[in-house]
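Open the model in a viewer and keep the selection panel at hand.

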Amino acid sequence: MALAGKIRIGFIVGKDNDAVEDPQYVGDASFLSDLPATYRTDPVSGDYGCPKAKGGMAHADTAIPWWIHKNHGDRCQIDIIRGDKDLTLARLKKNDVNFIIGYDQINTMFEGDWAARKELVGTALRECGNIWPTWEVQEFIYYKSRYMQACQAAGIPMAPTIYAFHSDRSPQKLLGEIKARGWKQFCLKLSFSAFSLGFAIHTVEEAEKDPMILKEYFEEHEGYPEFICQELITGFKNNWETRCFFWNAEFQYAICNKAAVVSESGEEIISAGKTTQAPQPTEFIEAARKIGKAALATLPKQYNRHGAEIGPILFRTDIGCSDGEIHDKDFTWKAGEKTFFLNELEYGGTNYFTRHVPFDNIPLWGEHYFKKAVEVMTKGAPAPDSLALALPVEVAEPAAPVAEP
């Protein structure tokens, strides 16, 4: 079905860590010369609203919709929505399709009045009816236990894991479960978190000697709905973590890295395929692609208003490699042998590693998002060639125009 008018596409943005106008970026960033200052971040504070003349930087989440605006402006109207100040239910409903590309409910956990912000943003994303990925898929990722348990049930390898849910958790109970599994070291993670916030590593011995270690962790992160506790996998220090990017569950590219929290230098190390970087290990990428694709098969299905299934949008699967000793009583992973496993699953707001890859990934994602918007609007729609029949929501007024600098 063809569309009779322009599609109004919203992009929810909020990145300050995926710069495009950077010396390492291999593409042509000239299309961003007129990007309004409101979508540029201060290079020091990361705050939005910094003009280009003062060093304001464009990141992948604003560059992608701006590229679509420049290349498909005759077929769509772009609405760039700053998550920190413009995201409301009314704003989302003005658009035909909205994509989460740089800001979601996790971001509210880093904001001042997080409880109020979580409610406002959550209501908008949950009730607008035209957000992609859908609210069900978002919650599947926000609550790490949901996708982790689904992947475990599907036989996808994962590190030994204990879930500490808010309704039934205590430092004493968690330590008892850890000891019962036979672990020597463990790490703690938070659902509704990012940037390694809440990530902690301890030995069982020190947690037994000093009960305040877990007590203080529980008190500091009281507001989080669940903790993920895993036996510490020492392989992260020796091996790459392989991050695979997928669209429609089809592989796009991979990044191998060692996070700052585990690298010996204390800085992140990246291998993305550039000649100036360490070569990417084929064995790791092939194993990661296979596990990542299997993990995406556990995602909840998405459907547009016509009842047609819409495939997964952008997802990133982070795959680790264990080659050290595992103490969990139920695991048979062998020391000295590589065992690849799913570490995390992320979606559209993730880091695209734009300045690190050896190709220009902005047109890649720009085309994907534009075509996906058309698919959402038209797939399974009735035969009449009418845009009105394809609209996912009632729209009484045009979408908000792109802000001026």
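Select the buried residues of helix 6 and show what covers them: the cover includes strand 5 (161–165), strand 6 (185–190), helix 7 (204–209), helix 8 (212–220) and strand 8 (226–231). Helices (H or I, at least four residues) and strands (E, at least two) are DSSP runs, numbered from the N terminus. The model is predicted; local features need pLDDT of at least 70, side-chain atom pairs count only at pLDDT 80 or more, and totals for chains, interfaces and linings use all residues. Residues are numbered from 1 along each chain as its sequence is written, and side-chain values use heavy atoms, with hydrogens and water left out.

Stay on helix 6 (residues 171–181), where P171, L174, L175, I178 and R181 are buried. Buried means under 20% relative accessible area, exposed over 50%, and partly exposed in between (1.4 Å probe, protein chains only). Turn to the face away from the buried side to find the exposed residues Q172 and A180. Just after helix 6, select G182, which takes a positive phi of about 90°.

Next, select L125, Y142 and F186, the residues with the most contacts inside the largest nonpolar core, which has 66 residues. Such a core is a set of buried Ala, Val, Leu, Ile, Met, Phe, Trp, Tyr and Cys residues joined through side-chain atoms within 4.5 Å. Helix 10 (residues 282–296) gives the most to this core, with seven residues. Apart from this core lies another, of 44 residues, including I7, W66, I270 and Y369.

Which residues are in contact with Y142, leaving aside its neighbours within four places in sequence? They are I100, D104, Q105, I106, L125, W135, S191, F192 and Y347, where contact means heavy atoms within 4.5 Å.

From W135, move to R126: its charged end sits over the ring of W135, 5.7 Å from the ring centre. The criterion is NZ of Lys or CZ of Arg within 6 Å of the ring centre and within 35 degrees of the ring normal. For another case, select K258, which lies over the face of W240 at 5.2 Å from the ring centre.
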